[in-house]
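This report describes selected helices, strands, contacts and backbone features of one model. Please keep the sequence and the 3D view open while reading.

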2 protein chains.
Amino acid sequence: MVGQVKHACIVSVGNELLSGHTVDTNAAYIARQLRSIGVPTVSSHMVADLQSTIVQALRLAAEEADIVIVTGGLGPTDDDLTREGLAEFLGVELELREDLLVRMKEWFQRRGVPMVRKNVVQARIPRGAQVVPNEWGTAPGILAEKDGTVFFALPGVPREMERMLAASVLPRLRAMARCQALAVRKLKCFGAGESTIAEMIGEAMARNRNPLVNCTAHTGVITLEIVATSPTVADAERLAQAQEAALREVLGPLVYGVGEETLAEVVGRQLQRLGKTLAVAESCTGGLLAKLITDIPGASGYFTHGWVTYSNQAKIEELGVPGELIERHGAVSEPVAEAMAQGARLRAGADYAIGITGIAGPDGGTEEKPVGLVCIAVDFEGRIQAVRGQFPWERHLVRMRAAQTALDLLRRGLGR
Amino acid sequence: MVGQVKHACIVSVGNELLSGHTVDTNAAYIARQLRSIGVPTVSSHMVADLQSTIVQALRLAAEEADIVIVTGGLGPTDDDLTREGLAEFLGVELELREDLLVRMKEWFQRRGVPMVRKNVVQARIPRGAQVVPNEWGTAPGILAEKDGTVFFALPGVPREMERMLAASVLPRLRAMARCQALAVRKLKCFGAGESTIAEMIGEAMARNRNPLVNCTAHTGVITLEIVATSPTVADAERLAQAQEAALREVLGPLVYGVGEETLAEVVGRQLQRLGKTLAVAESCTGGLLAKLITDIPGASGYFTHGWVTYSNQAKIEELGVPGELIERHGAVSEPVAEAMAQGARLRAGADYAIGITGIAGPDGGTEEKPVGLVCIAVDFEGRIQAVRGQFPWERHLVRMRAAQTALDLLRRGLGR
C-alpha cells in the first residue's frame, strides 16, 4: 500500500558551480537515487556561497518539495555557509556539538593529521537539528525539519555525499515516503531520427499520460524512457511492460537494446552467442570503431584484428584492396569499402568484418563526394552488404555516426 | 570604461535532467562563457518539461538576474514546452513565422532528409520576440525582453547551444554589458598530478588574487586557467601574460599547450612541421590512440597506418612481433611494446611509431601484472624509448591515460 507521493528538490551550493569551473554531477546522481526509491525530483537549484542566497534557495525549495537535499558549503573555510544559511532559515542558532568535536578529533588522530582550528566550525549545527554521520570525511551532515519539509545537508565532495546518501538518507526516505511505486524502462533505438520516431509512436508521448514516454537523442541513438506510476509495484511494472511491448511493436528492428546498452555491447553479445569473430578496417573513422568495440570488457573474446588504413597505400598493402579499384571508383566508394571488409575478414581469419571509408571533413569534400559521405560494408562470412550514408554534420559527429551505422548494419545482419 | 555589472541566471529545461539520466553540462559551459565576458552567473535552475514549471522558473529568474539563458525544450516533440512557457510568461501568443518555416524546409532539403509535420511547431515563436539563428539544427532560438530583463532560449543540444551562444548571444551581451575587461588564458599540462602542480605553483592559486589561477584535472590533463581583470583590456592582457610567463617558468616541459589544445593536436603540429609520419600499434587501447590522432582534421598528412592487434596472433602476423618474445616476457611487457612499435614503423614505412600493450581490465590482471599495467614504446626513427605505467583506475581511464602517456612521450621526444 502506498502513501502520498513525496517530491524532492536539490540545492547545490558553491561558487565553483556558478563559475562553470565544476560541472554539478551531484544533482543528477541524487536525482537518480531518489527516483530509484520512487521520489521524483521536481527541481534543482544551484546557488552561490552567500548566506542570504542559501536562505532564499531553502525557502524556494520548501515551497516546491517535501524533501530537500542540499549539497556543498559544509567545509571548514570561510566560504562554507550552508550551516549558517540553514540555521537562519530554521530561525535557530548554531550550537557547538561536543560529541561531534570529539569524533572529529579522533578522525584526525586516526589519520595522523593535525586538526586545525578552522575545522572546529564543522562541529556546529543548527540547534534542534540531527546529525547525518559522515564516516568518510570531516564534515558531518545535517538533518532538519520545518513545516513538514525535511532538509538534508550533505558535503559537496561526491565520494562523501554518495556514501552518506546510501547509508543514511535513502533508508530514512524509504521509510518516510512510502512512495508511489515507479517502474522505469528504457528502449534504445538506432536507424531513424527523433522526430520520425516521435511520429511513429504518436500519442504515446502525449503529456500527462501514465506511462509517460520521454525521448532523447544522442549521436544517433534515440532513447525512449518509459515511466509508469501506480500504487503497487506489480501494477507499475505491468503498465511499463505493456507500454514497452506497444513501442516495440511499432518500432520493430529500430529498437536495438534496453537500459544503458550501446550498439557495440549488443553486437558483442550477438557475436559471443554465435561464437563468431569480428575484424574491422577503418579509414575515416580512424580507430573509433575499434575503440567502441574494445570499450566493452571481454571484447578480446570476439575481436582480434583492426586496421586503420588512413592512406590508399595502407589500404592496398595491408588489406589487399586492388589499386585499380581505388583509381576507378575513388577511395570513398562502396566497392572500396567492400574490398576493405573482405580484406580484413580474410587477413584476420575472422567470420565477419566491417570496412568504412568516407570524408569526415572539414576538408576533402568535392561536389560529387561532399564532406559527410561515408561508405560502409559488412562482410558476413563471404556475403557482403554495403550502404552509403550522407551525414551532414561536423567531423566528430560524422565519424561517430559512421561507426554506429556500421555496428547497426552488423547487428541487423546477425539477427536476434 | 566600465558600466553597470549585469547578472545572469541559467534555466535548464528537461525531464532527462531531473531524472538524473543526463548530467547538465550546459549550465557550467554557459557560466564559463558568460564569465569570460565579465557577466557573473548568480543562480542556475533545472526544471521539468511542464509549461507551468517553466513559467515559474522564468519568473524566479527575472527576479534574480538581468540576463536569463534558457536551454532545452525547443525540440519538435510534445514534451518540448519552452516556446509555450516563454509565451505565457511574456503574456503573448505563439505565432507561426513563415520565414522560419521556409528556412527549416531548406535545411531539410539540403540534407536530403524529409521534414515531418512535427517539425512545424519549431517555427512558432512568441509574438514580438526575435529569432536567434540556428545554423546547426532545426530549432531556432528565441530572444525576448520583459521589464528590463532579456531572455535567450536556446536548444539543449550542446553542439547547437554552444555555437549559437558564440555567434549571437555573447556578442550581444558584450555590447549590452560594457563589462569589466577580462583576460583569460589556459595552460594545458601533462605528466604530473593536480596536487603536485598546485605545490609547484604555490601562492599563484591563492584566493582573491588578480590574476586568479584555477586548476582542473581531466584524464591526466591539468588545465590552469588564468583570469585577469582590469578596467582596460590592455592591462588585463598584460597581467594575464605575466602570470602565464611565471607559470611556464616553473612548470617547464609539463606545459604542452594552451587553450583547448589536446596532446594529439600538439603532436600533429610537431609532425607536420618536421614533415615526418607516424604509425601506431595498439593492444589494450584498442583503437583509441588512432582515434585521438585522427580526431584532428588533416591527420592524414602525417598519419597513415594503425593496427589494433588485440590477439597475440595479430601481433605476430601483422607486426612481426617474435612469438618467443611474447612467450618469454608476456604480451604485456616492454620488449613486446618495443617490438610492436618497431614493427609498425617498418611495415608502415613511417618515421615514428608507437606501440601500446597493457591490461585495461576489469579482468585479466595477475599478482605480477595487475589491471592498469601498461607498457608503451616509441620508435623514433630506429631509436626506441619505452616506459611502463601503472594506472589504478577503471577500464576507460586506464585506456585514456595509456594513450595520452604515449602521445606525451612522443611529444617530449620531438621537442618544441
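Helices (H or I, at least four residues) and strands (E, at least two) are DSSP runs, numbered from the N terminus. Residues are numbered from 1 along each chain as its sequence is written, with chains lettered from A and ligands numbered from 1 in the order in which they are written. The model is predicted: local features need pLDDT of at least 70, side-chain atom pairs count only at pLDDT 80 or more, and totals for chains, interfaces and linings use all residues.

**Backbone features**

A:Asp147 sits in the loop between strand E7 (141-146) and E8 of chain A. A residue is called buried if 20 or more other C-beta atoms lie within 10 Å of its own, exposed if 12 or fewer, and partly exposed in between, with C-beta atoms placed from the backbone. A:Asp147 counts as exposed because it has 5 C-beta neighbours inside 10 Å. A:Glu381, in the loop between E16 and strand E17 (383-390) of chain A, has 11 such neighbours inside 10 Å and therefore also counts as exposed. Neither residue is a glycine, and the table gives their phi values.

| Residue | Phi |
|---|---|
| A:Asp147 | positive, about 50 degrees |
| A:Glu381 | positive, about 50 degrees |

The peptide bond from A:Gly361 to A:Pro362 is cis, with omega near 5 degrees. A:Pro362 belongs to the loop between strand E15 (352-358) and strand E16 (373-380) of chain A. In chain B, B:Gly361 and B:Pro362 are joined by a cis peptide bond with omega of about 0 degrees.

**Helix H3 of chain A**

The expected span of a helix is 1.5 Å times one less than its number of residues. For the 14 residues of H3(A) (residues 51-64) this gives 20 Å, which agrees with the 20 Å between its end C-alpha atoms. Its buried residues are A:Ile54, A:Ala57, A:Leu58, A:Leu60 and A:Ala61. They lie on the same side of H3(A), because they cover an arc of only 165 degrees around the axis; the arc is that of the directions from the helix axis to the C-beta atoms. Exposed residues A:Ser52, A:Arg59 and A:Glu63 are on the face turned away from the buried side. The cover over the buried residues of H3(A) includes strand E1 (8-13), strand E2 (41-47) and helix H4 (82-90) of chain A.

Two strands pair if DSSP finds at least two bridges between them. E2(A) pairs with E1(A) in the parallel sense over six bridges, and A:Cys9 has A:Ser43 as its bridge partner. E2(A) also runs antiparallel to strand E2 (residues 41-47) of chain B, joined by five bridges; here A:Ser44 stands opposite B:Met46. A further antiparallel pairing, over five bridges, links strand E14 (residues 303-309) of chain A with E14(B).

Two residues are in contact if their C-beta atoms, placed from the backbone, lie within 7 Å. By this criterion, 61 residues of chain B are in contact with 61 residues of chain A. The side of chain B that touches chain A has 22 nonpolar, 27 polar and 12 charged residues. Ala, Val, Leu, Ile, Met, Phe, Trp, Tyr, Cys and Pro count as nonpolar, Asp, Glu, Lys and Arg as charged, and the others, Gly among them, as polar.
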